[in-house]
Each structure stands twice: as structure tokens, then as C-alpha cells.
There are 2 protein chains.
Amino acid sequence: MAKPNQIVTEQFTTEEKIKAAAKAVFYKKGFAATRTRDIAEEAGINLALLNYYFRSKQKLFELIMLETLTAFIEKMVLLLNDERTTLDQKVREVVENYIDVITAEPELPIFIITEIRSNPKLLLQKIPVKKIIRQSVFFKQHQKAVHEGRIQEPNPLHFLMNLIGMIVFPFMAKPLLMAGGGIEEKEFNELMKERKKLIPMWIKAIMKAK
Amino acid sequence: MAKPNQIVTEQFTTEEKIKAAAKAVFYKKGFAATRTRDIAEEAGINLALLNYYFRSKQKLFELIMLETLTAFIEKMVLLLNDERTTLDQKVREVVENYIDVITAEPELPIFIITEIRSNPKLLLQKIPVKKIIRQSVFFKQHQKAVHEGRIQEPNPLHFLMNLIGMIVFPFMAKPLLMAGGGIEEKEFNELMKERKKLIPMWIKAIMKAK
DNA sequence: TCAAATATTAATCATTTGATTAAAAGAATT
DNA sequence: AATTCTTTTAATCAAATGATTAATATTTGA
């Protein structure tokens with residue numbers, strides 16, 4: 001039996017173990033630096049099983065990448081299209097949600113960004129990023145706020161760069177930051193937690209700045 | 001003769017050609033994805049010459065990485081330790097300088113960050129980042145500004161994260177940004193140029209925010 | 001001009017690495 | 001219990017890759 005859904009004692013199928021291991025290794029080292037043998041070892045399985053279940057390293061990678069991007073973007077789309085929340089609330093929710101997600105999976109930002117860099121066409125053509133942004137409730141609310149003079153800088157790209165950058169950059173620069181600040185993992189996470197309150201406040205200040 | 005300093009007609013030595021090629025390829029693809037044959041081809045030289053001049057791929061990489069980090073940090077140290085400039089002026093100069101540098105070499109931020117990730121110990125122990133920050137004039141000016149109530153958030157790490165993040169993040173997310181904004185290289189660079197004026201203004205607003 | 005030093009090349013090596021194969025083991029079906 | 005289908009394993013392959021070698025070409029200095 002391939003997937004023993006009934007059996008409670010056995011926790012994970014081989015397929016699941018491989019996928020989890022692949023995710024961990026790919027996230028940490030990136031596609032190019034990852035050896036299929038690393039994944040097999042991490043999963044505690046025979047190397048051949050990787051190809052048996054997923055055909056190739058490339059296929060396995062694409063699967064994980066697609067799932068990662070989809071999850072990442074789906075949540076964002078949901079938050080940015082809520083008709084019931086204001087722009088300020090959206091900022092708070094995006095900040096809160098993504099700092100939590102990335103704290104749990106700190107390699108995520110670098111992983112996504114480095115892999116998009118190494119193959120921008122393949123990954124970006126699958127997701128209509130432009131459409132997602134320009135047709136969002138967020139986008140309309142931003143336009144309105146600009147029109148009403150509540151936001152000084154009219155270009156929503158600056159707004160997004162600042163928002164996402166403030167959330168994501170510290171995680172990407174984490175080793176540098178820990179060395180530079182002389183702090184440990186625990187203090188780093190404390191800093192990130194602080195930023196959940198700080199970033200929305202800063203974004204407000206930026207909106208008004210001129 | 002290895003280095004024909006006198007001869008004006010010959011522009012670059014083999015050694016220089018290899019180094020330039022290695023820099024270009026390493027920056028673009030990272031260490032793991034780079035093949036020594038890619039470098040040889042880019043440099044227009046025989047593969048064996050790479051080892052003849054630089055011993056190994058690893059050694060060549062370390063050389064380039066060290067030069068890159070040194071240049072990157074030396075400039076920063078200089079700017080942040082100028083006794084004659086105020087905090088505001090320092091921010092303006094850091095923003096201006098790094099947006100220029102990175103516009104000319106857009107792969108720099110991802111390169112540095114991904115390679116530090118894959119080998120944090122090796123790279124960070126060579127540079128006393130902590131000392132550089134805590135003993136800087138910038139650090140003292142920041143402390144003073146906090147003490148005098150001109151800056152609300154007392155932790156200088158937040159200040160640095162925001163400043164560097166706002167400068168650097170858009171370049172790292174460039175492909176995503178171009179897809180999302182529906183813009184081309186030229187418009188991207190225009191945006192980055194705008195940010196030279198905007199970021200210092202935003203940083204000021206952030207300082208006062210509470 | 002000629003010998004020594006330096007630089008360059010083509011061929012080759014030894015490993016690594018992604019992938020396959022054929023056989024064995026295990027589970028499901030009859 | 002016998003048969004069939006699925007899963008797992010050990011062994012192996014072929015290509016890629018970092019590095020070396022031995023021979024050749026070029027430059028330098030006496």
C-alpha cells in the first residue's frame with residue numbers, strides 16, 4: 001500500500017519524507033548546491049527512491065518551488081484583497097503574518113529570491129504578479145489615499161518595496177546582522193517581534209513624509 | 001613577463017582577464033552554480049590557466065569575495081566615521097553612494113548575502129563587523145540623537161536594517177519587481193534614482209515616528 | 001643568439017553526481 | 001498459497017566537473 005491513510009502509527013510516507021527533506025535542503029543550500037544524495041540522506045531513504053517518486057532533481061525542485069510560491073502568494077492575495085480592511089489594517093496584517101511565517105522558515109526569502117534570479121522566466125511566467133497587484137483592493141485603496149492626500153509618494157511600487165523590504169530584509173541579512181549586532185538567535189527573533197509593531201508605525205510615518 | 005606594466009597596447013593580462021570573468025560569473029550565478037569552464041570561456045582562456053594562476057576554483061572565489069567585501073565595507077566605514085558630517089548627511093551619502101554602486105553592479109547584494117549564508121563563519125570571522133559598527137561615529141551620533149529625543153526607537157540595529165534594507169532590497173527583488181510593476185530595466189533604474197531623494201526623507205520620518 | 005624562465009595548450013585523470021537497472025523484499029489480490 | 005503489483009535496495013552508468021600533466025610556444029635575460 002502506498003499511502004496508509006488508516007494506519008495511525010506510521011507517520012509519514014516515503015514520498016512525504018523525501019519532499020520534506022528536499023524542502024529543507026533546497027531552502028538551506030539552493031538548487032545548485034544541493035546534491036540528490038544530501039536529500040536522500042536527510043530523508044533517510046535510498047537514493048533511487050528520489051527518482052522513483054519524483055523522476056528527477058529538477059522535477060522535485062520545481063514541485064517544491066511551485067508549492068512554496070503558491071503558498072506565499074496566495075496568503076498575500078487574500079490579505080491584499082480584503083474589502084473590509086483599511087490600508088493601515090492591511091499593512092498590520094501583512095507585517096504580522098509574514099514576520100510569523102518567515103520566523104518559522106527563515107530561509108524562505110533568500111531561497112525565493114536566489115532561485116527567481118537563476119531562472120526568472122520559468123518561475124515568473126507561472127504567476128501573474130502584475131495582475132495580482134494592479135487588480136487588488138490594496139492597489140485601489142492606495143490610489144484613493146494618494147488622491148485624497150493621505151499618501152505623499154504616488155507610486156505604489158515604492159510603498160510595496162518599503163513594506164516588503166522592511167519585513168524581509170533583516171531575515172536575509174540575518175548572519176551579518178547577528179555578527180554586527182553581537183546578538184544570538186533568540187535576540188534576533190525578539191527584534192523581529194518588535195518590528196511587528198514598529199513597521200506599521202514607520203510605514204504610516206513614511207506615507208505622510210514629504 | 002607576467003605583467004606588462006609598460007606596454008600600453010595590451011590592455012589586460014591573462015590573470016586580470018580570468019579575475020574579471022570569474023567576478024562576472026560568480027556574481028551572476030553564485031559559487032555552486034559556477035563551472036570553472038564557464039569562467040574560462042567568459043575569459044577566453046584555456047581552462048588550465050585558471051588553476052595555473054589561482055590554484056583552484058575555491059581560492060579564486062575567496063579572492064574575489066574578499067576583495068568584494070573589503071571594497072563594500074571600506075567605503076561604508078569611511079562614510080560612517082566622518083566626524084564632520086551629521087547623521088542626516090551620513091544617511092544621504094550612504095544612500096547616494098550605495099544606490100550608485102549597486103546600480104552599476106546589481107548582483108552585488110544577492111551575491112554577498114547568498115554566499116555569506118552558505119559559509120557564514122569563513123566570511124564573517126575575517127571582518128570585525130561588530131567592532132566596525134559599535135565604534136563608529138555613526139553609532140555615537142545615533143546614541144546622542146536618541147538621548148536628545150530626536151530619534152524615538154533607541155536600537156541602532158533597527159535604524160541600520162531600515163536604511164540598508166530600503167537601499168538594497170529593491171535590487172534583490174528586481175525580477176519580481178519588474179514583473180509585478182510591469183516595468184523595464186530603464187524604469188527600474190529611474191525608480192532607484194528617485195529613491196536617492198526619497199529614502200533620506202523617509203528615514204527622517206521614521207526617526208520621529210512614535 | 002641561445003638557454004632559462006614563463007605562459008599556454010590539448011589531453012587526460014579522478015571524483016562527483018544525477019540517473020538507471022535488475023534483482024529482492026513487501027503488500028495486496030485472488 | 002500463489003500471483004501480481006508496488007516499493008526498496010545495491011550496483012552500476014554516463015556525463016559533468018575540478019584539477020593535473022606533459023608537451024609546446026613564447027618571452028626574458030645573459
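Predicted model: local features only at pLDDT ≥ 70, side-chain atom pairs only at ≥ 80, totals over all residues.
Me: How do H1(A) and H1(B) pack, at what angle and how far apart are the axes?
Reply: Helix H1 of chain A, residues 14-33, packs on helix H1 of chain B, also residues 14-33, at an angle of about 105° with the axes 8 Å apart.

Me: Roughly parallel or roughly perpendicular, then?
Reply: H1(A) and H1(B) are roughly perpendicular to each other, because an angle from 65 to 115 degrees counts as that.

Me: Which residues meet there?
Reply: From H1(A) you get Gly30(A), Ala32(A) and Ala33(A), and they meet Gly30(B), Ala32(B) and Ala33(B) of H1(B).

Me: And by class, what does the contact of H1(A) with H1(B) have?
Reply: That contact has 4 nonpolar and 2 polar residues, with no charged ones.

Me: New topic. What's the phi of Arg55(A)?
Reply: It's positive, about 70°, although Arg55(A) isn't a glycine. Arg55(A) sits in the loop between helix H3 (47-54) and helix H4 (57-80) of chain A.

Me: Is Arg55(A) buried or exposed?
Reply: Exposed, because Arg55(A) has 11 C-beta neighbours inside 10 Å and 12 or fewer counts as exposed.

Me: What about phi of Arg55(B)?
Reply: Positive too, near 75°. Arg55(B) is in the loop between helix H3 (47-54) and H4 of chain B, and counts as exposed with 11 C-beta neighbours inside 10 Å.

Me: Where is Glu62(B)?
Reply: Glu62(B) is in helix H4 of chain B, residues 57-80. Glu62(B) is partly exposed, with 17 other C-beta atoms within 10 Å.

Me: How far apart are Glu62(B) and Leu123(B) in space?
Reply: They're 8.9 Å apart, C-alpha to C-alpha, and 61 residues apart in sequence.

Definitions and conventions: Residues numbered from 1 in each chain as written. Chains lettered and ligands numbered in written order. Helix = DSSP H or I, 4+ residues; strand = E, 2+ residues; numbered from the N terminus. Buried ≥ 20, exposed ≤ 12 C-beta atoms within 10 Å, placed from the backbone. Axes fitted to C-alpha atoms, helices over the stretch in contact; angles between N-to-C directions. Parallel < 35°, antiparallel > 145°, perpendicular 65-115°, else oblique. Contact = placed C-beta atoms within 7 Å. Nonpolar A, V, L, I, M, F, W, Y, C, P; charged D, E, K, R; others polar.
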